[in-house]
Structure formats: C-alpha cells, structure tokens
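User: Please examine the model shown below and answer my questions about its fold and packing.

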Amino acid sequence: MRSSDPHRPEAQRSVPVIRAPRTGLIALAVPNLEEPYFAELTSLLVRRADERGLAVLIVQTEGDHGREIAVADGVGLPPIDGLIHIPRSLTVSDLTRRTSPGPLVLLGEHIQTSPFTHITIDNRAAARLATEHLLSAGRRRIAFIGRRDARPSDAADRRHAGYVEALAHAALPADPAAVAQVAAFTAEEGERATAEMLAALPDLDGIVCANDSIALGALVALHAAGRAVPADVAVTGIDDIRAARFAIPALTTVAPDHEQLVDAAFTELERQLTAPPGADLPVRHVTVGIRLIERASTVSAAADDATPARPGGARR
C-alpha cells in the first residue's frame, strides 16, 4: 500500500538481504567530481561516514553506462559493506541483473521508480519554485538554460518541466526559443548559452538555470553584455553550491536539504546492513525538502536568508 504522504518513506516491495562480514568500507559512485554539487555532496558523505566509523571508496563514473553497471556489479572493487550510487544512465533492468547483490542506496532522480531504496529531491518542484519566484518579482520573459537532449539527463528534464508548469500556471506561453541546450552542467556552458540567448531574445528579463554552475556562467555572460543583474535580468540557480553566495551578485538558488539527504542515505544503508541474513526489507523512496534562498541576483537588497518550503517546494 502506498503511503498517503508522497514525501515520506514509501514501502513498495521487499527484497532479500544478503550480508557478508562487515569490512567498514562502503563505495560511493559519483558521476563527476568536477561538478561542484557532486564534490560538495561527496565531501559531506565522507564526513558523515567517518562519524559512523566507515571509510569511503569513491568511484568516478563520468555518467558512463558501462562504468555505472560495473560499479553496481562490484567489478574492480574490494570487499565493501554497501554501495551509495548516484547514477546518470543506470536502469532498473541493469540493477535487477546485479552480479554482486548487497546493500544499495540510490541518490538522485535518474531512477524514479524502482525496487531499490532511493533518496531524492523533487527536481520538478525545485524549478517550479525558482520560476515562481521570478514571476512574483514581475518577470515575464523568462528563459530556461539547461536542457540536455543530446545527452539526456533526468534531472534536467524534470527541472525543465517544473519551469514549464510555473509558466502555465501564470498563463504564460512556454516559448521554445527561450529554452537553451547545454552539453554539460558547467559554468562554461552557462556562459555560452546565455550569450546566445541574449542575442536572440533582447527583451529577456529572467533566467532559470538548471543548476548553480550554469547560473554562475550566466552571470558572467550578462556582465559582458552590459545587462545589470537583477535590474535588467534576474537569475536563479538550483543546488546552493558554496560558490553561489560569493558570486557577484550573490546567486538566488533553490537548496536541497543536504544534511537530510545524506542522513537518509546512511539510515537506509545501515538498515540494510543490520538486517538479519535472509530478511526481506521494504524498499523505501525518500524525498527530502527544498527551500528557496533569496540573494542579490533576484532582489535589489538581498536578505541572504531562506524562504522555507515543504518537501514538495510549496512555501509555508
């Protein structure tokens, strides 16, 4: 039976627990540590693991399908207690064929529905919240930078969908010309895409970026074009990386509850590790909260504080 609260842990089915002697080592599969969000999340995961007496083996997959499967199968890994996996291209079918089953926790929204424990944020709600913030500030020609059709990203798709939903709710059309593709979630791509967008849409007055790195590049492009932020164009990101608060101007962003995300991952991993051998455990899907942090990239006098939101993104 599904939980009546979609943001609470959800039991879907049971999976058998296979447990070997504890090693004190877990593996963390991460797409790319050059992305600030993943680097900062990895740092937090390592610190929290240390507090629990665990060591972490970090494997960078580059989001490559073959590498992600290999890590899930334990190929090339020493004996580990469990795996925290942040997948970009892994599928449910890949996971059901794991050759080295054991405790597994998925982070992120790439695999939204599966018979595996999964910790995530609501990416659609995050982008909707960012877009609604710009709309509430009177912006009406709002772009989205961060689609990735050439190299699909579930997070990018969901964040774009949230942007479209917010526009529709405000009775504004979603203009395909106001949506920019990026090859990667980087500042360089944000700078390039924003410069092209400004040339095509001179009346642009707001930009929702798929992540903070893209937004940092957007700020550079706007400065180079002589467009004042936020007077001419307001900019928001998603993720709340550390650099966001030190940008000029400081970047408004939607922040996941990073502590809750990491704590939930270890809680679910430990639940699997401590289960009796052969036990069937309910699979849990946990959605952590998000909040809008208003800074100077969207407000003239930045309060530098957070507007709390429930897990789905609605303000209190």
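User: Among contacts in the protein chain between residues at least 6 apart in sequence, what percentage join residues at least 24 apart?

Analyst: This is a predicted model, in which local features need pLDDT of at least 70, side-chain atom pairs count only at pLDDT 80 or more, and totals for chains, interfaces and linings use all residues. Residues are numbered from 1 along each chain as its sequence is written, and side-chain values use heavy atoms, with hydrogens and water left out. Contact means heavy atoms within 4.5 Å. Among contacts between residues at least 6 apart in sequence, the share joining residues at least 24 apart is 70%.

User: Is Asn123 buried or exposed?

Analyst: Asn123 lies in helix 4 (residues 123-136), and touches Glu109, Ala155, Arg158 and Arg159, not counting residues up to four places away in sequence. Buried means under 20% relative accessible area, exposed over 50%, and partly exposed in between (1.4 Å probe, protein chains only). Asn123 has 4% relative accessibility and therefore counts as buried.

User: How are helix 1 and helix 8 oriented to each other?

Analyst: Helix 1 (residues 36-51) and helix 8 (residues 258-273) pack at about 50°, with their axes 10 Å apart. Angles under 35 degrees count as roughly parallel, over 145 as roughly antiparallel, 65 to 115 as roughly perpendicular and the rest as oblique. Helix 1 and helix 8 are therefore oblique.

How values were computed: Axes fitted to C-alpha atoms, helices over the stretch in contact; angles between N-to-C directions. Helix = DSSP H or I, 4+ residues; strand = E, 2+ residues; numbered from the N terminus.
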